[in-house]
Amino acid sequence: MTRMQEMSLDYHFIVEQEVGSSTYAFFGFNGTAGVWRISALNEAGGWKDRTTVEDMDLAVRASLKGWKFVYVGNLKVKNELPSTFKAYRYQQHRWSCGPANLFKKMAIEIIRNRKVSLWKKFYVIYSFFFVRKIVAHIVTFVFYCVVLPTTVFVPEVQVPKWGAVYIPSIITLLNAVGTPRSLHLVMFWILFENVMSLHRTKATFIGLLEAGRVNEWVVTEKLGDALKAKSGAKASKRTHIRMGER
């Protein structure tokens with residue numbers, strides 16, 4: 001599970017953030033490792049709790065004020081990942097629901113902004129928000145979990161070989177290329193991502209429609225080295241409960 005998360009995060013950092021930094025001086029800030037200028041925080045209006053992605057919210061507002069973001073890829077820090085699938089699911093709900101909700105609240109503000117170029121506004125709205133935060137989840141779920149299985153059970157439904165094999169394979173390899181040491185796990189990663197696409201698609205619609213769980217904040221469970229012994233003891237006692245959850 002750690003390798004699965006690593007493959008997704010490596011693509012996020014190496015491709016999304018580094019490319020965004022080098023081309024449009026913008027990327028979605030996250031709290032793993034970053035340095036802010038106090039003046040940028042103040043000019044952007046400070047932290048706001050209107051969504052569950054307050055770091056991304058601040059980054060977009062600062063970018064609209066003309067501040068530039070620089071990604072420094074040669075600096076590395078340790079980052080603890082969710083240790084259980086349940087914790088990861090809650091985290092992904094927040095990471096999928098929050099951006100969709102933020103997009104709904106800021107789309108008009110981004111369009112009306114006059115401090116940034118038309119191309120940068122197009123990049124933020126189309127590439128950063130619409131494609132990566134909304135369309136990607138929905139297309140992954142509908143194509144892999146609905147359309148392709150339908151072609152097996154319903155002969156009348158046919159997908160060309162280039163659409164069923166070649167394009168998905170290329171996209172998968174491009175996503176996994178940032179983590180070459182885990183390429184042998186790419187098939188497991190595809191299955192893992194397909195499962196998560198269901199949760200992400202659901203969370204995306206909750207964010208867009210501002211449904212009941214739109215502002216749900218569940219702190220991501222991370223055990224930490226100090227809790228390994230205790231977690232092992234707890235896990236042995238709660239085996240029957242965890243089996244039920246599975």
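A nonpolar core is a set of buried Ala, Val, Leu, Ile, Met, Phe, Trp, Tyr and Cys residues joined through side-chain atoms within 4.5 Å, where buried means under 20% relative accessible area, exposed means over 50%, and partly exposed lies in between (1.4 Å probe, protein chains only). What you see is a predicted model, in which local features need pLDDT of at least 70 and side-chain atom pairs count only at pLDDT 80 or more, while totals for chains, interfaces and linings use all residues. Residues are numbered from 1 along each chain as its sequence is written, and side-chain values use heavy atoms, with hydrogens and water left out.

In soluble globular proteins, nonpolar side chains tend to be buried together. Here the largest nonpolar core has 25 residues, and those with the most contacts inside it are Phe26, Met56, Val60, Leu102, Ile110 and Phe129. At least two residues of this core come from each of the helices α2 (38–44), α3, α4 and α5, helices being DSSP runs of H or I with at least four residues, numbered from the N terminus. A second, separate core of 10 residues includes Met7, Leu185, Trp189 and Met196.

Leaving aside residues up to four places away in sequence, Phe129 touches Met56, Val60, Pro99, Leu102, Phe103, Ile110, Val124 and Ile134, a contact being heavy atoms within 4.5 Å. Phe129 is one of the buried residues of α5, among which are also Tyr123, Val124, Phe128 and His137. The buried residues of this helix pack against α1 (2–24), α3 (54–64), α4 (85–112) and α7 (186–209). Helix α5 itself, which spans residues 118–153, bends by about 50° at Phe130, the bend being the angle between axes fitted to the seven residues ending there and the seven starting there.

Charged side chains give a second set of links. Side chains of opposite charge can pair when their charged atoms come close. A salt bridge is a side-chain nitrogen of Lys or Arg within 4 Å of a carboxyl oxygen of Asp or Glu, and by this rule the count comes to 8 salt bridges. In one of them, the side chains of Asp57 and Arg61 meet at 2.9 Å, N to O; both residues lie in helix α3, 4 residues apart, about one turn of the helix, and both are buried. Arg200 and Glu193 form another, with their closest N and O atoms 2.8 Å apart; Arg200 counts as buried because its relative accessibility is 7%. Salt bridges that share partners also join Arg50, Asp57 and Arg61 into one network.

Lys105 forms a salt bridge with Glu210, the closest N and O atoms being 3.9 Å apart. Lys105 lies in helix α4 and Glu210 in the loop between α7 and α8, so the pair ties together parts that are 105 residues apart in sequence.
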